[in-house]
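Subject: Structure handover

Hello,

Here is the structure I said I would pass on. Please open it next to this email and follow along.

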Amino acid sequence: MILFYDLEVTRLHQQTTPMSIGFVSYDGTRAFYAEFTDYDESHMDRWLKENVVDRFILTDMSDHTYKESGKTQFFKGDLDWVVSHPKGLKNWLQSFGEKIVLAASGGTYDWVVFRTMMRIKYVEDMPEYIDGWPIDVVSLLRWEGYDPEEEYFKENFIGASDRSNKHNALEDARVIRDVYLKLEAKHSKRYVR
């Protein structure tokens, strides 16, 4: 089972902290989204405020709140609460009942931050339900000859014209899923005889 995910963090540096996380299942029917209330605000700058915080979608929810809408789970709270809540991230990931391969866009930082969030320090700490080898969708794009140089290269690749929610983790996870599915369809057509 492939799950597409995205993290918004307080910039790409060693002391970064997660601001939000979004997941979308391969078939697009299930999703998980959390906005964290304990990110390091000393890292905040104008860009993060305008491009991440202003695109948060749970502003009407109070801290330590959970809700479901269809097959999407929404959480707002500190990281440990979101991960360990009975319906939180850890249990949501286990609920698929099979090993999960995570796929992200340029997921180097996302993978490290995700593992830190889940307290996976060593290979032997990896839960059985998570595959230890994530998929980097940008590397797949490069393999296919696409050059991810400009800001909207993923949206351009899938033909998405609405870019108003870029840097919202849930929307970015959906975009990554669409990119992967388009690459997958293109790849399978290439070898059809």
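First, the basis. This is a predicted model, in which local features need pLDDT of at least 70 and side-chain atom pairs count only at pLDDT 80 or more, while totals for chains, interfaces and linings use all residues. Residues are numbered from 1 along each chain as its sequence is written, and side-chain values use heavy atoms, with hydrogens and water left out.

The sheet

Helices (H or I, at least four residues) and strands (E, at least two) are DSSP runs, numbered from the N terminus. Two strands pair if DSSP finds at least two bridges between them. The model has an open sheet of 7 strands with mixed pairing, in the order S4-S5-S3-S2-S1-S6-S7. Its edge strands, each pairing on one side only, are S4 (65–69) and S7 (135–136).

Strand S5 (residues 72–77) pairs with S4 in the antiparallel sense, over 5 bridges. Within this pair, Glu68 stands opposite Gln73, and Tyr66 stands opposite Phe75. S4 and S5 form a hairpin with 2 residues between them, and Gly70 in the turn has a positive phi of about 65 degrees. S5 also pairs with S3, in the parallel sense and over 6 bridges. There, Thr72 of S5 is the bridge partner of Ala31.

Is S5 mostly covered or mostly open? It is mostly covered, with 6 of its 6 residues buried (buried means under 20% relative accessible area, exposed over 50%, partly exposed in between, with a 1.4 Å probe and protein chains only). Thr72, Phe74 and Lys76 point one way from the strand, and Gln73, Phe75 and Gly77 point the other way.

Val24 is in strand S2 (residues 18–25). Why does Val24 count as buried? Because its relative accessibility is 4%. Leaving out residues up to four places away in sequence, Val24 touches Leu3, Phe4, Arg30, Ala31, Leu170, Ala173, Arg174 and Arg177 (contact means heavy atoms within 4.5 Å). Val24 and Asp63 are 39 residues apart along the chain, and their C-alpha atoms are separated by 23 Å.

The pockets

Pockets were searched for on a 1 Å grid over the protein atoms alone: a pocket is an open set of points where a 1.4 Å probe fits, with protein on both sides within 12 Å along at least five of seven lines, and lining residues have an atom within 4 Å of a point. Grid points are joined across faces, edges and corners, and a volume is the space filled by probe spheres set on the points.

The largest pocket holds about 580 Å³ of space. It is lined by 20 residues, of which Asp6, Leu7, Glu8, Leu12 and His167 are the closest to its centre. S1 gives the largest share of this lining, 4 residues. By class, the lining has 9 nonpolar, 3 polar and 8 charged residues (Ala, Val, Leu, Ile, Met, Phe, Trp, Tyr, Cys and Pro count as nonpolar, Asp, Glu, Lys and Arg as charged, and the others, Gly among them, as polar).

The second largest pocket holds about 170 Å³. Of its 10 lining residues, Gln14, Thr16, Val112, Val113 and Thr116 are the closest to its centre. Helix H4 supplies the largest share, 4 residues. This lining divides into 4 nonpolar, 6 polar and no charged residues.

Regards
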